[in-house]
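Thanks for passing this one along. Here are my notes, in numbered points, to read beside the model.

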Amino acid sequence: MSAIIQASPVEKLSQEPLPTGDSCVLIIFGASGDLTKRKLIPGLYNLACEGCMNPQFEVLGIGRTPMSSKEFRKKSGEAAAKSKDTRDFSESGWEDFEKRLHYMVGDINDPNFYSQLRVHLEEMEKNGSSPNHLFYVSTPASVAGPIIEGLGAVGLSRRDIGWTRIVLEKPFGRDLESANVLNDVVRGVFDEKAVYRIDHYLGKETVQNILVFRFSNSLFEPVWNRNYIDYVEITAAETVGVENRAAFYEETGALRDMVANHLLQLLALTAMEPPIAFDADSVREQKVQVFRSIRPMSVEDVARFTVRGQYGSGVIDGKRAPGYRQESA
């Protein structure tokens, strides 16, 4: 038996007001990059529109691209208006939200920059900003370590007033060895309870609904096993090329960007056994069991069962799209 199953977003079960998060300043490293424009800003705008964002919540974007806070707000607004992830975008709603956005030019590879960042955050706090800091590392894995070390060197990883946390986006390192090294750097600077290693793909509504769709559906739960399912095919279909992410892809590659995290997470959610509870530890334990059950591919298997290539030029939604090698850096 083979079937294509599409889950629908879970409807709100209650009209009660959503809880608001803590006040904080969200510091985004790589704020001029693709992930911030396509995912982070639209997501934050949605939270503000839902009424679950603390009134004392601000965003400080860090990037090498020279621009003012006003220009950052304008570019972010244009991106949010075009994004498919933005819900009910309106000019009035954006005008209220963009007041929270600030921008700072800085070279994250320059150790002196972090002293400047500390001074900037202290000035914001004097002007009424929250003393709580949430650092979001939206950069290639190769610069995550220097960022963490830079924050630790100027005392931004642990403070006497307010809390400090850090979010590390995938990919986490380049391989097992570099991931272990990065973990050692993280643990040497931040408390483990303040570290969040995340995969933004898991925030997609359909992905979040897989567990409920599987285990709470009396139609599918009894037959969701190898006795009734012939095969499962997971397809990641993109509607855009690398666009302005060429430098990132040259370093990371599609395998590390998509397969080793996004698609393996989907595999785990599809194949895992029911967790004893729907909490982080229980779900992770069942995911690990799936990964342990997968037979590692040999070099011969890779050559036999995989196909690698680069896409050429073509047409997407009626518009010409350049090939990988023709994309601008």
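1. The chain's accessible surface is about 20200 Å², and carbon and sulfur atoms account for 52% of that area (Shrake-Rupley method, 1.4 Å probe). Of its 329 residues, 39% count as buried, meaning under 20% relative accessible area with a 1.4 Å probe, protein chains only.

2. Please keep in mind that this is a predicted model, where local features need pLDDT of at least 70, side-chain atom pairs count only at pLDDT 80 or more, and totals for chains, interfaces and linings use all residues. Residues are numbered from 1 along each chain as its sequence is written, and side-chain values use heavy atoms, leaving out hydrogens and water.

3. Ten helices and eight strands make up the secondary structure of the chain (DSSP runs: H or I of at least four residues for helices, E of at least two for strands). The C-alpha atoms fill a box of roughly 65 × 50 × 45 Å along the principal axes.

4. Among contacts (heavy atoms within 4.5 Å) between residues at least 6 apart in sequence, 77% join residues at least 24 apart.

5. Now to a helix pair: the axes of H7 (residues 205-215) and H8 (residues 246-271) come within 9 Å and cross at roughly 10°, with axes fitted to C-alpha atoms over the stretch in contact and angles running from 0 to 180 degrees between N-to-C directions. H7 and H8 are therefore roughly parallel (under 35 degrees). On the H7 side, Val207, Ile210, Leu211 and Arg214 make the contact, meeting Leu266, Leu269, Thr270 and Ala271 of H8.

How values were computed: Parallel < 35°, antiparallel > 145°, perpendicular 65-115°, else oblique. Buried < 20%, exposed > 50% of the residue type's maximum accessible area, 1.4 Å probe, protein only.
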